[in-house]
Amino acid sequence: MSGFRKKKHSSKPLAEINVTPLVDVMLVLLIIFMVTAPMLSMGIDVNLPRVQSKSLDIAEEKLVLTISDSREIYLNKNKLPLEELTSKLTAIFSNRIDREIFLRADKNVPYGFVVEVMSEVRKAGVDKLGMITEPPEETK
């Protein structure tokens, strides 16, 4: 047995910290923040100042403006020509505090027509214009 050496096991604790897992976690967090930071600044909501205030009507329904693929405009479920859109919205929003409308447009409608409708909505004094979209289909 003289050819075999016995290993000496020291009972002293190791005084060094293993920083490799810490560096790995920090790099993963850095990558996550680098990817998500630009996404956070894309949707900035701007509230326009109001000049006068009206009484709050809790029973206000949300208005949805729909543009079909044949360029027909519907305010909620009522068909409306483009020429009457501004006057109709001005009349509706004259007694409301929350000047918000949601726009749904068929994906086959030309972009120029959607912008034209959005311009008419802005002329009616709408503060917030939200776009309604479909969530992407999940791939299996």
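## Strands at the pocket

Two strands each put at least two residues into the lining of the largest pocket: S1 (63-67) and S4 (100-105). Of these, S4 is the biggest giver, with three residues. Keep in mind that this is a predicted model.

The pocket itself holds about 320 Å³ of space. Its lining is made up of Thr66, Ile67, Leu103, Arg104, Ala105, Asp106, Lys107, Met131, Ile132, Thr133 and Glu134. Sorted by class, that comes to five nonpolar, two polar and four charged residues.

## How S1 and S4 line up

S1 and S4 run parallel and share five bridges. Threonine 66 has arginine 104 of S4 as its bridge partner, and both Thr66 and Arg104 belong to the pocket lining. Leucine 65 is bridged to leucine 103 in S4, and Leu103 is another of the lining residues.

If you're following side chains along these strands, here's the general rule: in a regular strand they alternate between the two faces of the sheet.

## The other side of S4

S4 also pairs with strand S5 (residues 128-131), again in the parallel sense, this time over four bridges. Phenylalanine 102 finds its bridge partner in glycine 130 of S5, while isoleucine 101 stands opposite leucine 129 in S5. At residue 131, where S5 ends, you meet Met131, which is part of the pocket lining.

## The whole sheet

Zooming out, five strands form an open sheet, ordered S3-S2-S1-S4-S5, with mixed pairing. The edges are strand S3 (78-80) and S5, each of which pairs on one side only. From one strand to the next, the twist averages 30 degrees.

And where does H3 lie? The helix lies across S1, strand S2 (73-75), S4 and S5, and runs at about 150 degrees to S1.

Conventions. Residues numbered from 1 in each chain as written. Predicted model: local features only at pLDDT ≥ 70, side-chain atom pairs only at ≥ 80, totals over all residues. Heavy atoms only, no water. 1 Å grid on protein atoms, 1.4 Å probe; cavity = no way out; pocket = protein on both sides within 12 Å on 5 of 7 lines; lining within 4 Å. Points joined across faces, edges and corners; volume = space filled by probe spheres on them. Nonpolar A, V, L, I, M, F, W, Y, C, P; charged D, E, K, R; others polar. Pairing = 2+ DSSP bridges. Axes fitted to C-alpha atoms, helices over the stretch in contact; angles between N-to-C directions. Contact = heavy atoms within 4.5 Å.
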